[in-house]
Amino acid sequence: MSRPDVLEKLVSLCKRRGFIFQSSEIYGGTGSVWDYGPLGVELKKNVKDAWWHTMVRSRDDVEGLDAAILMHPRVWEASGHVSGFNDPLIDCKACKARFRADQMDGASCPRKPSKKPGEQGDCQLTEPRQFNLMFKTFMGPVEDTAAVVYLRPETAQGIFVNFLNVQQARRQKVPFGIAQIGKAFRNEITPGNFTFRTREFEQMEMQFFVDPAAAEGKRTDMEWFEYWKAQRMEWHLALGLERERLEFHQHSATELAHYAKAAFDIQFDFGGTLGFQEIEGVHHRSDFDLGRHQEFSSKRMEYVDQVANRRYIPYVVETSVGADRVTLALLCNAYAEESVEGESEGRVVLHLKPSLAPIKAGIFPLTKKDGQPEMANRIVEDLRPLYPVDYDDAGSIGKRYRRQDEVGTPFCVTIDPESTGNGTVTVRDRDTLAQDRIDATQLRAYLAAKLAG
Ligand code: ATP
């Protein structure tokens, strides 16, 4: 059974509530480029922080890096992107639509009634031609071929070219990894589905360098591959993505890059017609990238194992996940329309894991008098240095709850006449709707425990 399609509802919610806006909207928008608003930037930052914490901060065998977007053009020759980062493109001369030749099965013609490309009667499909997905620009004042540079289509190459810098600076021994988060750009032919496929996006990538001939008793390259597959699936589960909406997809021999020993995608069920789609790739890239950089730069890219007195080019196990795709998956996963007992109107709620929610607590004075706003403001000032909170005194309490539910705020704190008398407040839980009355002096500790849980 397919899950309901919530993408359209999310597009409208995200715009209305300040998660995601279309880029340059007042000029009619830029094709498949999106801007993150106040709540979106918090949500995506929480996703990136969770990744950095798991992949870098909590390990001593992975180092962080922030390489530049613009790199030497030879990098992209060595990586194979100049000659091979192409999608096969088919144009329709009748309706001017563009399709990826390898995705014709799922494609539909933009004209009504909706049909497959080629089925409208007057369709004029071209033969497939190769289309390079890299954005080009020029470095320096002269716009000639010698000045061409590319906007990186993946963050990985910044890691490969810095492999020895990081290894030597940090005195790391293979096996170890390098991780980074950064923007990538692809001139996608068929972008769409909101932020699922965009032309500018953020990747969170980690390259783990392993010994191709591991000594007896040490994990082999394929064992490291299995290890990272399992770790990465655990991470998605820990973010709160539902287990039954996640699965592995193994690349078949035809999907596998010629140098790759194995590759699996982690797919998430986005619902509707989109269904299961890749959110992360776990790839065994062999010694391809370092080997190619050695060949193209004429610099040695070998690791020197002083104990075993060997030098070799390590194999690489890569984990590559899109920050925007995971954020979209989390929104799809969290979105619910629910009825509320005793209330005629239902609610829209984002059941985001509290640690990911952009706002942690809504703070409401029940009325705008009797010292309640002052007490509410003192609570806001106390909590604000810890995490984002939202003061709201407009409309009924029910309406204020709905506003916070819709953006996934896990807790709402109400200050009522009893509060100014005895110093207690009520805390309402977004998911259970249960209300606890606690002493305001305990609020920090109470919320800290709930957020950590
Ligand atoms: P797809 O098959 O969907 O084009 P891919 O196999 O080309 O993806 P990779 O090159 O493996 O993707 O990139 C790793 C991750 O980066 C993907 O799993 C996805 O989360 C993210 N990503 C790749 N392309 C885009 C894009 N155009 N927009 C948003 N995220 C992207």
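This passage describes the surroundings of the ligand and then the salt bridges of the protein. The structure is a predicted model, in which local features need pLDDT of at least 70 and side-chain atom pairs count only at pLDDT 80 or more, while totals for chains, interfaces and linings use all residues. Residues are numbered from 1 along each chain as its sequence is written, and side-chain values use heavy atoms, with hydrogens and water left out.

Strands (E, at least two residues) and helices (H or I, at least four) are DSSP runs numbered from the N terminus.

Polar contacts (pairs of N or O atoms within 3.5 Å) can be followed one by one. A backbone N or O atom of G322 lies 2.9 Å from an oxygen atom of the ligand, and a polar side-chain atom of Q203 is 3.3 Å from an oxygen atom of the ligand. A polar backbone atom of F196 lies 3.5 Å from a ligand nitrogen atom. Taken alone, the ligand exposes 590 Å², of which the protein buries 84%; these areas come from the Shrake-Rupley method with a 1.4 Å probe.

Attention now turns to charge. Side chains of opposite charge can pair when their charged atoms come close. The structure holds 35 salt bridges, each a side-chain nitrogen of Lys or Arg within 4 Å of a carboxyl oxygen of Asp or Glu. One of them joins R347 and D405 at 3.0 Å, N to O. R347 lies in strand β18 (residues 347-350) and D405 in helix α11 (residues 397-406), so the pair ties together parts that are 58 residues apart in sequence. R347 is buried at 4% relative accessibility, and D405 is buried at 0%, where buried means under 20% relative accessible area, exposed over 50%, and partly exposed in between.

Note on methods: Polar contact = N/O pair within 3.5 Å; in protein donor to acceptor, adjacent residues only side chain to side chain. Buried < 20%, exposed > 50% of the residue type's maximum accessible area, 1.4 Å probe, protein only.
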